[in-house]
Amino acid sequence: MKKLSARRRHPLAAVVVLLFALAATGGLYAAFAPADKAQAVETSQSLAIEEGKKLYTVGCASCHGTGGQGTSDGPTLVGVGSAAVDFQVATGRMPAQQPGAQVPKKKAIYSQAEIDQLAAYIASLGAGPITPTEKQYSPEGADIGKGGDLFRTNCAQCHNFTGKGGALTNGKYAPTLEGVSAKHIYEAMQTGPQNMPSFPDGVLPEKEKQDVIAYIEAMNDPDKSSSPGGLSLGGLGPVSEGLFAWVFGLGALIAAAVWVAAHTAKAKKS
Amino acid sequence: MSSQDIPEENLPQEQGAAHGAAGHGSTAVAQRADDNPFADPGLPAHKPRIQDIDERAAKRSERAVALMFTLSMLATVGFIACFVIFPVDKLVYIWPFGRVSALNFSLGLTLGAALFFIGAGAVHWARTLMSDQEIAAERHPIEAAPEVKAQVMADWAAGNEESGFGRRKLVRNTMFGAMALVPLAGVVLLRDLGPLPEKKLRTTLWAKGKQLINMNTMEPLRPEDITVGSLVFAMPEGLGYDDHEFQKEIAKAALMIVRIRPDDIKDKRELEWSHEGIVAFSKICTHVGCPISLYEQQTHHVLCPCHQSTFDLADGARVIFGPAGHALPQLRIGVNTEGNLEALGDFAEPVGPSFWERG
């Protein structure tokens, strides 16, 4: 130690101390810095956002603006969240084919991987509903009866008691819920696509949403529910049923009456 | 179509006279009948059916009618058998109806056949076997003969004289009074049809300080639960689904809650009565009282499914289309000390269908 303290005024002493300090700082950083794995996630997340941005610029920016700020042709996407992107793009509603009262469901254009990238980019623009996990939307073990009550309170006014959909104003309509996946029903309730109001968790919590999904699935499952009368005529209610009765029921009676009157019972036909 | 061989008594008077005259060679009258393009040609000559001529054909028809009535009997027996055989929940696939209840389908089919064959048998019987001779029954004048009229008038006068109806005016007038008052008893009894509505149609369960309860979760609603574009229905604190009066009370108190950006609200009073853009409107249509909640979140329009009345929730729930005569009543809301939404009073006007212009 004597030697060391004797050389403390050596011209190179400051350089040696600086090297020690740097080594200590570097070592401590290496020991306490976030793990490599987290770094990898971060890069893959930012990569998804990067890729999503590229897809967005090609497919969506013409209506929704270059930064998702919206234009006269499309609303802003800041704060709509990844759930809205997943619903709109995976059901084929977006990209829209043409402007109109309502954008219809069609075949999805993007693959699920691309949709996830787009969703990551839109989610990065502002906080919004996050794409639900299977645990959230799976109707496994949910209460179908309670779901029916909730469906009739919140959904049936537009989507009809049997989920077959119905007309709204000026060409808008509530689509049928037949064949819609549990995930997309959950996302629609969460985000309120187009003119549908949303049912956020404060209004309709996750468990209640699962009940509603369980009811819709039970309704569309021919093994779980069936109409004892058969021939449900679209399940649209009095319009199609009345039309059928008036056209075919009354029509058959009139045809029978005309047939009876047109065939004379006389021996000599005149 | 000759009417020469039709019996005179079957023809309308004028037609008969014209033809009768023509038959006797009076050209002037015949001329008039031929000129009239609307002359009644009368009934055509009766033509026989095969069954009228051929007894074997008649027998065949008889057997056909009997067969139809027998089929009807068998169908009724089948109906009872199906009722016994099929369980209520058995489903079968039948083209083109799809999966139907075996019980419903078989009952409908057999009862339909039973009724159809009674009708078909009756029609076939009437067409082939019953007499098909057409008969015209002449109308007779409804005026009574002069002597009958005179007799009635004489009887009336004699009755008046004998009873003193015209002479003893006190008796006559008190009798009129008694007869006029008696129906009032029946009118008064109508009051017993039910209780008077009193003020029930003008008030609801909502009152100052009552919390808004989410009908999905039965928890009090908080302002942060309700986002722009969301829709939720609320009922007043203290009301439960199992309450005896639940249906009666919710029919008036049902509430629809949405949030609109305060800048988008055009009506000044609506904004004042809202809580930071959270507005609460009656869910009962002001036309005939249907529950109305087809809410379009982008246009803020609410559509009634019954008669398409449309209300603009961003403009005081003004009627913009349809037969409704009044805007939807708005409930004034605020936040209580616990941070829950509460009513600041009852609706300012009666909810539901406009009655007596809401005197």
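Reading along its sequence, chain A runs through the pattern α-α-α-α-α-α-α-α-α-β-β-α-α-α. That gives 12 helices and 2 strands in chain A. Please keep in mind that this is a predicted model.

How does the overall form of chain A compare with a compact globule of 270 residues? Such a globule would have a radius of gyration near 18 Å, whereas chain A has 32 Å. The C-alpha atoms of chain A, taken along the principal axes, fill a box of roughly 145 × 45 × 30 Å. The table gathers these and two further values for chain A.

| Property of chain A | Value |
|---|---|
| Radius of gyration | 32 Å |
| Box of the C-alpha atoms, along the principal axes | roughly 145 × 45 × 30 Å |
| Residues that count as buried, of 270 | 30% |
| Share of contacts with a separation of 6 or more that join residues 24 or more positions apart | 67% |

Now let us turn to chain B and its sheet. Here 5 strands form an open sheet, in the order E3-E4-E5-E6-E11, with antiparallel pairing. Which strands stand at the edges of this sheet? They are E3 (212-214) and E11 (330-331) of chain B; each has a single partner strand, so one side of each is left without a neighbour in the sheet.

Within the sheet, strand E4 (residues 231-236) of chain B and strand E5 (residues 255-259) of chain B run antiparallel and are joined by 4 bridges.

How values were computed. Residues numbered from 1 in each chain as written. Chains lettered and ligands numbered in written order. Predicted model: local features only at pLDDT ≥ 70, side-chain atom pairs only at ≥ 80, totals over all residues. Pairing = 2+ DSSP bridges. Rg over C-alpha atoms; globule rule 2.2 N^0.38 Å. Buried ≥ 20, exposed ≤ 12 C-beta atoms within 10 Å, placed from the backbone. Contact = placed C-beta atoms within 7 Å.
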